[in-house]
Amino acid sequence: MTDAFARVAGTRATLREARIPRATATSVALLSDVHANVHALRAVLDEIDRSSVDLVVLAGDTTWGTFPTETVMMLRDLQRRIPTMLVRGNADRAVVELTDGLRQPETDRDTWMRDRHSTADVDFLRDAVFQVDVDVAGVGRIRICHGSPRADIEALTPRTPLARIAAAVDGVEADILVTGHTHLQFDRALAGVGRLTRHINPGSVGLPYHAGEPGARWARIGSGAADPLQLFITAYDLDAHLAALADSDDPARDRISQLLRVAPTPDELIEHAEALVFSD
Ligand SMILES: [Fe+2]
């Protein structure tokens, strides 16, 4: 797998800030891959507002979707209520690169996505960071990134060989690894990979790539319960979202609707992700 990483090493997918932002919390909500699904996000934020969460971390791919401006408004509002950290996903990076001319649109949707983000929306994404560490009282240190601690496009699944996990987390001092990107919610016990004991993906809030119970996936980590990790599937009004998609001028609206209605199985998704290793 070293070879696979060699192909992306040195690209913008691996650009990390020298200093990793750090926070402390007693209960942290983990949201990833919102993909501008405001209906799903609203339902999750309502749950968070009813809970004792004192920190929210968004693990990337927040606004790349049909309703970016509305998503940013909702999250700016959240920031006024609860401390919120924003991790940069490959899709968030793509928005900034398209806006700044560092990347040329390859599809109609790339152009649409760039134009659909206001300057303020892009500025919101510019504040995002490659990864963060959160110390949760009574639980330990959590490293949160989008793809992996070495690349925002690395696909990690519950079946990723431990040797690749070890290569991806080289130098990471944390007890729990949290990644997004594959849009698959899972909790995997780890042993022999540094001090990591667990690798979790909170799943996708707005666009699960796999079949199963409909709803917005997210997670919470906090001390107090028998298991500090809780994985959630929050129900939301999917029909309202599908109707809003149909009314939009998003060139990808049909594909997204289809994915939200009929998606591949988790096994198909894992096989696909493990074959790709790195996917943008
Ligand atoms: Fe994503």
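**Sheets, iron site and burial in a predicted model**

Strand E2 pairs with strand E3 (residues 55-58) in the parallel sense over 4 bridges; two strands count as paired if DSSP finds at least two bridges between them. Helices (H or I, at least four residues) and strands (E, at least two) are DSSP runs, numbered from the N terminus. The model is predicted: local features need pLDDT of at least 70, side-chain atom pairs count only at pLDDT 80 or more, and totals for chains, interfaces and linings use all residues. Residues are numbered from 1 along each chain as its sequence is written, and side-chain values use heavy atoms, with hydrogens and water left out.

- The chain passes from E2 through H2 to E3 in a right-handed β-α-β crossover (with the strands pointing away from the viewer, the path from the first strand over the helix to the second runs clockwise).
- E2 (residues 27-31) also pairs with strand E10 (residues 216-222), here in the antiparallel sense over 4 bridges.
- In E10, Ser27 has Gly222 opposite and Ala29 has Arg220 opposite.
- These strands belong to an open sheet of 5 strands with mixed pairing, in the order E4-E3-E2-E10-E11.
- E4 (84-86) and E11 (229-234) are the edge strands, each with a single partner, so one side of each has no neighbour in the sheet.
- Neighbouring strands of this sheet are turned by 20 degrees against each other on average, direction ignored (axes are lines fitted to C-alpha atoms, for helices over the stretch in contact, and angles run from 0 to 180 degrees between N-to-C directions).

**Burial of E2**

- 5 of the 5 residues of E2 are buried, so the strand is largely enclosed by the rest of the structure (buried means under 20% relative accessible area, exposed over 50%, partly exposed in between, with a 1.4 Å probe and protein chains only).
- Ser27, Ala29 and Leu31 point one way from E2, while Val28 and Leu30 point the other way.
- In a regular strand the side chains alternate between the two faces of the sheet.

**Iron site**

- The protein donors of the iron ion are Asp33 (OD), His35 (NE2), Asp61 (OD) and His183 (NE2), at 2.1 to 2.3 Å from it.
- Donors are N, O and S atoms within 2.8 Å of the metal (3.2 Å for Na, K and Ca); water is not among the atoms, so sites may look incomplete.
- Along the chain the donors have the spacing D-x1-H-x25-D-x121-H.
- His35 lies in the loop between E2 and helix H2 (38-49), and His183 in the loop between E7 (176-178) and E8 (186-193), so the pair ties together parts 148 residues apart in sequence.
- His35 is buried at 11% relative accessibility, and His183 is buried at 1%.

- E5 (residues 131-136) and E6 pair in the antiparallel sense over 6 bridges, with Val134 opposite Ile142 in E6.
- The two strands form a hairpin with 3 residues between them, and Gly138 in the turn has a positive phi of about 80 degrees.
- E6 and E7 run parallel and are joined by 3 bridges; Arg143 has Leu177 in E7 as its bridge partner.
- E6, helix H7 (residues 162-168) and E7 make a right-handed β-α-β unit.
- 5 of the 6 residues of E6 (residues 140-145) are buried, so this strand is largely enclosed by the rest of the structure.
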